[in-house]
Amino acid sequence: MFSNEEIREEITTMVHDLHEIQYTDGTWRFCFEGPPLTDCYTIILLHCLGIVDESLTSKLANRLLSIQSENGTWKLYEDEQNGNLSATIQCYFALLCSKAVKKNDANMKKAERYIKSQGGLTKAHFTTKFILSVCGQYPWPTAFYIPMSILMLPKLSPLSVYSISNYARIHFIPMAICGNKRLSLRSNHTPDVSHLFTTPPSLFTQSWIRESRLSHEFLTQLKKLASYPLYIHDQGLKKAEKFLLDRIESNGTLYSYATSTVVMVFALLALGYTKDSPIIQKAIKGLKSLNCQFDDQVHIQNSPSTVWDTALLSYALQKAGVSADVSMIQHANEYLLSRQHKKYGDWAVHNPNAEPGGWGFSDINTIIPDIDDTTVALRAITSTAQTQHRFQVALSKGEKWLLSMQNNDGGWPSFEKNVDQKWLATLPIENANFTLRDSSTADLTGRTLEYLGNFAGYDKEQPQVKEAVNWLIHNQEENGSWYGKWGICYIYGTWAAVTGLRAVGIQTNHPCIRKAIRWLKNIQNNDGGWGESCRSAEVERFVPLQFSTPSQTAWALDALLTSDSKMERSIQTGIQFLITNNYSSTQLTYPTGTGLPGQFYTQYHSYNTIFPLIALSNYILTEN
């Protein structure tokens, strides 16, 4: 058993190390490392535009080559069996575009054999087919046409673009423009990957979307829109263009995301913009600015996690005993204050009576606040707000915005209120439920309750809290866990739900808490830690990882500490796992964030510090 003094010593070391790496503007800037997709998209875009940047392209290619598996595949996580088809296709094509390799190189021949063994290009995810089509490597389906008249529909119409999530919307519109225009940027310099077809690609829309009972109805409704007069379509196309231009951030990126920026550039080219257009040139510059460096390698982050990391660390350091009056916290919180949103964004469509006040994920994000970043920023500034009026005003605005975003079902979404129509999940599109709906989730609802209970003085009797508690209880899995959307996955959701429920006064003897604690203890690994595979997000059931990770262990411990004695064996062995710090590189680099199941997982470089610091601090603060 470790003494409190030993744990305090570990905490002191962590605090010192964090002080050393804080930037002068008050931020902490860790890499938000995603899959190969963003690096591949960047290489491919530069190739299509004929932009020569040998230094960047070489470093991006070096990263892709460094993460290729011995069997020639690219994986999204360590225990992904047999590799990932879409990631392998993306990397294969991007590397050929980079000229860092040739088709006959041994590693590329291995990748080729794998792609063919999995069914070839026709079995790729539709987003991979999109990028290949733009480059003239995959035929656009003849029946593909998304009428831009859809943007002329009332915003609250069931078929309006505002009926789907903002992260789907911001990609869907530029992709539809490219598809409607049959954009093809193939040139004499474009690598030919037609040898990767094992069967001829279908020219029908069904080759892009999966079959379902709603396929016919969905396409029928689009055909009705397509029958509108031509001038309506022209107006819709102009509105689509304006939609994109209005959502460009100051650094030139669309919505601050790398992926949406790439597809926006392709859409603008389809609309007749030249590659020398100031908008496109600024977008390229903005895309490049999303990089993080690893020696001779570069990774393009989908969206830097600066606000998220800084808010979490300010909160974690205060939890560890660092006073809000210390300059480290003052500088961090001043930065957070400067990043509170003042603009109305798409969130206001379904929540028109609320005023801005949330926070977004990245430093450059000014129009897409989210629930998670808002709750953690509010935690970070709560103490400062007790003595400084500016922060009190910000706290009040943020809390009002947060409460206004609660869904009608009682839970909280990620970005937009009540964008959760169940029929969207049945549409014939891969990952439809995850991408098209911004429904209530256990992680967002639990983290909101944790803030409201521990920082804002709310309890289970407050009407909005009561609704959220009921939503969590109703959505608990039979085994006692909860599914978390933005982390891996059931450990993440269970941690958020338990800490949230306990914060608002749900007692430890409540059946939902007892079941959750029992489940967490049952899945603890022999090394004392906890680990969960990314595959959990794909099959929507808990899949154990054969090793433990620091962040998942910290989540489990944090939940247990709300309800069990700190002397419990499961807690003691978990603390030992964190304190020993004898992690392998695999344990430290395993992605524990989710972006899109089966396609996009994230390794937050900050998580191995943030969440162990919070768990260790809570251990010290727990009396029994």
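This is a predicted model: local features need pLDDT of at least 70, side-chain atom pairs count only at pLDDT 80 or more; totals for chains, interfaces and linings use all residues.
Phe 32, Phe 361, Tyr 492, Trp 495, Trp 555, Tyr 604, Tyr 607 and Phe 611 together make up one aromatic cluster.

- Because Phe 434 lies in helix α16 and Trp 486 in the loop between α18 and α19, the pair ties together parts that are 52 residues apart in sequence.
- The relative accessible area of Phe 434 is 8%, and this residue is therefore buried.
- Trp 486 has a relative accessible area of 19%, which is under the 20% cut-off for buried residues, so Trp 486 counts as buried.

**Contact of α14 with α17**

- Helix α14 (residues 371–385) packs against helix α17 (residues 442–454) at an angle of about 20°, and their axes are 9 Å apart.
- Angles under 35 degrees count as roughly parallel, and α14 and α17 are therefore roughly parallel to each other.
- The two helices, α14 and α17, cross in a left-handed sense.
- On the α14 side the contact is made by Ile 371, Asp 372, Thr 375, Leu 378, Arg 379 and Thr 382, and on the α17 side by Leu 444, Arg 447, Thr 448, Glu 450 and Tyr 451.
- The contact of α14 with α17 comprises 4 nonpolar, 3 polar and 4 charged residues.

**Contact of α2 with α11**

- Helix α2 (residues 37–49) and helix α11 (residues 278–288) pack at about 150°, with 12 Å between their axes.
- Angles over 145 degrees count as roughly antiparallel, and α2 and α11 are therefore roughly antiparallel to each other.
- The crossing of α2 with α11 is left-handed.
- Thr 42, Leu 45, Leu 46 and Leu 49 of α2 make the contact with Ile 280, Ile 284, Leu 287 and Lys 288 of α11.
- By class, 6 nonpolar, 1 polar and 1 charged residues form the contact of α2 with α11.

**Contact of α22 with α23**

- The axes of helix α22 (residues 550–561) and helix α23 (residues 569–580) cross at roughly 150° and come within 10 Å.
- This crossing of α22 and α23 is left-handed.
- Pro 550, Thr 553, Ala 554, Leu 557, Leu 560 and Leu 561 of α22 meet Ser 570, Ile 571, Gly 574, Ile 575, Phe 577 and Leu 578 of α23.
- The contact of α22 with α23 has 9 nonpolar, 3 polar and no charged residues.

**Backbone features in loops**

- A cis peptide bond leads from Ile 488 to Cys 489, with omega near -25°.
- Cys 489 is placed in the loop between α18 and α19.
- Arg 182, a residue other than glycine, has a positive phi near 50°.
- Arg 182 occurs in the loop between α7 (166–180) and α8 (215–226), and is partly exposed at a relative accessible area of 31%.
- Asn 418 likewise has a positive phi, near 60°, in a residue other than glycine.
- Asn 418 is located in the loop between α15 and α16, and counts as partly exposed at 23% relative accessibility.

Definitions and conventions: Residues are numbered from 1 along each chain as its sequence is written. Side-chain values use heavy atoms; hydrogens and water are left out. Axes are lines fitted to C-alpha atoms, for helices over the stretch in contact, and angles run from 0 to 180 degrees between N-to-C directions. Helices (H or I, at least four residues) and strands (E, at least two) are DSSP runs, numbered from the N terminus. Angles under 35 degrees count as roughly parallel, over 145 as roughly antiparallel, 65 to 115 as roughly perpendicular and the rest as oblique. A crossing is left-handed if the near helix is turned anticlockwise from the far one by less than a right angle, and right-handed if clockwise. Contact means heavy atoms within 4.5 Å. Ala, Val, Leu, Ile, Met, Phe, Trp, Tyr, Cys and Pro count as nonpolar, Asp, Glu, Lys and Arg as charged, and the others, Gly among them, as polar. Buried means under 20% relative accessible area, exposed over 50%, partly exposed in between (1.4 Å probe, protein chains only). Rings of Phe, Tyr and Trp (its six-membered ring) pair if their centres lie within 6.5 Å; planes under 30 degrees apart count as stacked, over 60 as edge-to-face and the rest as tilted.
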